[in-house]
Amino acid sequence: MFSNITSAQRAKIYLILVFFSLIFFFFAVWQSKPIIVEPQKAFGLVSYLPFTYWLGLLIVVAVTFLILFDKSLKRDYMFIVVLMTIALFVSGIAVFVQPNASEPDAWCHFQGAYDLLRTNHLQISVPNALESYNSWPIYHFLTATIVSIANVGFALVKYVPLVWLVFLILVTYGVGKRFALGNKTCFIISVLSILSMWSGVNEYTPRLLGLIAFLVIFMMMMTTKKNTMGENVVIMLLFSAVVMTHGTSSIAALFAVALLSIYKKNYTLIFFIVIIFATWQMYLTPLMFRAGILGIRNTLLNIFEVTRLENYQGAASTGRLVARYSQLTYLAIYGIIMTSIVIMLFFKKITGEHRQQVITVFIWIIATAGMLLVGSGQEVTRTYTFLVIPLACITSISFLNWKVLLPVMGVLFVIFPMARYSTTASWGQVLTSELKGSEFWANRNVEEAYFADNYSVPSLCMHYNRKMLTFSYYSPYNISKLKKRTPNEALDTIPFIMFSKQGNDALTLGTKTNPYLGWLDTEKGRASDLFYNNGYFQIYHNGSFLP
């Protein structure tokens, strides 16, 4: 079709097509904004996107395949532009069509650093006030730097996922360049990474910063030769940043760097990263020892949680079923691919330098899989997040004929929206009504225990009032420690009860029912005082505690 058109002319055509796709994208945003996802929607956020969005995405997919089949296209910038557009469509859409930043922890953590900068005072009299300051100093330092230099408020934190997408593309494309791979292979690594990152770790939290540093370390380690002294220094600095940013990321980096360094006989690097890790852990010993023991215990108890049938049958809502089965499809796809790669390695179908590249990434994957032994009940999802890019990388470099991967890319284009957005009503949005209710409660300074049917309320409250760290709170996830036989009996013992649309949506999405709403029909529930109601967020003073 383009045989009579020069390479430069074809590149212009691709850019024009990308430009038109972006017009359709932002017109779709204008049509849809803001979107509040209801739990009845089986495909979550995807159910609300207008025709113009899908038309723009179709153009992007077409351009993706056109540049892959363009034998004379060699310009990196063209591939990067298309990657940015793909990422914007599949992962960036929520930023523009939802009213607020979607991760409650982002609200809490940012405010802690912001308050410290604003007041020049750390509330050491408040229990646990030092915990985040001591545990994530890199996050606090970076937040303070950004706020000081750019005078950025929390409103712009909503757009951090777009910055994350830029990092994701640069790192994944850079891994291919480290291996001296062709532009198309680098491009496929990035596409597979974008379409596989459904876990939604993209908000401004210590976890995101730790993941970014972890991935840069991965990029630096991706060479079949022993790392140079300069590279070792950079890796040690990055590892220090990971250790002081996010504990889970540091453990993943420790496992991966150590095992790959043993393979490369780079013992100097192992020595220094172990010293860095051990020094920081000794600093945090009182805080981390008990958490670490409990984390391993919980892991051993919950490691197969993802395979339990009740996650896919019975009471789960349609949206949750769609998300779970879509996510399992990723495990199946990459499981088949990894099995094929092992067979090819065993029968020496992959040879030479190419074989060494595959083995290097394979060792990193095996080491990172050790994350399954560290965590708090979400080990499979967390481990997958750290493995996504290495899996995409080994998939791309193991198949010399990249056309074999086109069906895989096609399937991922289809299932990614379902895996990423089908449970948006549960955890992928923060409603304005939730923020207003949390602000009202936080500013009352009522130092009594409270229950909220939405787990995000405590984090949002701490965004408005750091003293909320000291208050006892209960949610559907920790109320069992009251050791009551029924939800109603548990709520009877708590002075303040909060119900919200977002909490109800999250519970009904997971189990189709909210077992706590029945408390309102009990004797103590009917005697309670409803003293706040914004339509979607209600606060009750338990009748048992009224004067």
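Reader: Which residues in α18 do V322, A323, S326, Q327, T329, Y330, I333 and Y334 in α15 meet?

Author: The model is a predicted one. Helix α15 covers residues 318–346 and helix α18 covers residues 406–421. The residues in this contact divide into 12 nonpolar, 3 polar and no charged. On the α18 side they are V408, V411, L412, I415, F416, M418 and A419.

Reader: Are α15 and α18 roughly parallel or roughly antiparallel to each other?

Author: The two axes come within 8 Å and cross at roughly 150 degrees. Angles over 145 degrees count as roughly antiparallel. The crossing is also left-handed. The helices α15 and α18 are therefore roughly antiparallel.

Reader: Which residues touch the most other members of the largest nonpolar core?

Author: This core has 138 residues, and its largest share, 13 residues, comes from helix α10 (residues 206–221). Leaving aside neighbours within four places in sequence, W364 is in contact with F214, I217, F218, M221, M222, A256, V257, L260 and P390. The residues that touch the most other members are I217 and W364.

Reader: How many residues are in the second, separate core?

Author: Its members include A449, A490, L491 and F499. The number of residues in this second core is 13.

Reader: Does N266 count as buried or exposed?

Author: N266 lies in the loop between α12 (247–264) and α13 (267–283). Not counting residues up to four places away in sequence, N266 touches K226, N227, N232 and S261. Buried means under 20% relative accessible area. The value for N266 is 1%, so N266 counts as buried.

Key: Residues are numbered from 1 along each chain as its sequence is written. This is a predicted model: local features need pLDDT of at least 70, side-chain atom pairs count only at pLDDT 80 or more; totals for chains, interfaces and linings use all residues. Side-chain values use heavy atoms; hydrogens and water are left out. Axes are lines fitted to C-alpha atoms, for helices over the stretch in contact, and angles run from 0 to 180 degrees between N-to-C directions. Helices (H or I, at least four residues) and strands (E, at least two) are DSSP runs, numbered from the N terminus. Angles under 35 degrees count as roughly parallel, over 145 as roughly antiparallel, 65 to 115 as roughly perpendicular and the rest as oblique. A crossing is left-handed if the near helix is turned anticlockwise from the far one by less than a right angle, and right-handed if clockwise. Contact means heavy atoms within 4.5 Å. Ala, Val, Leu, Ile, Met, Phe, Trp, Tyr, Cys and Pro count as nonpolar, Asp, Glu, Lys and Arg as charged, and the others, Gly among them, as polar. A nonpolar core is a set of buried Ala, Val, Leu, Ile, Met, Phe, Trp, Tyr and Cys residues joined through side-chain atoms within 4.5 Å. Buried means under 20% relative accessible area, exposed over 50%, partly exposed in between (1.4 Å probe, protein chains only).
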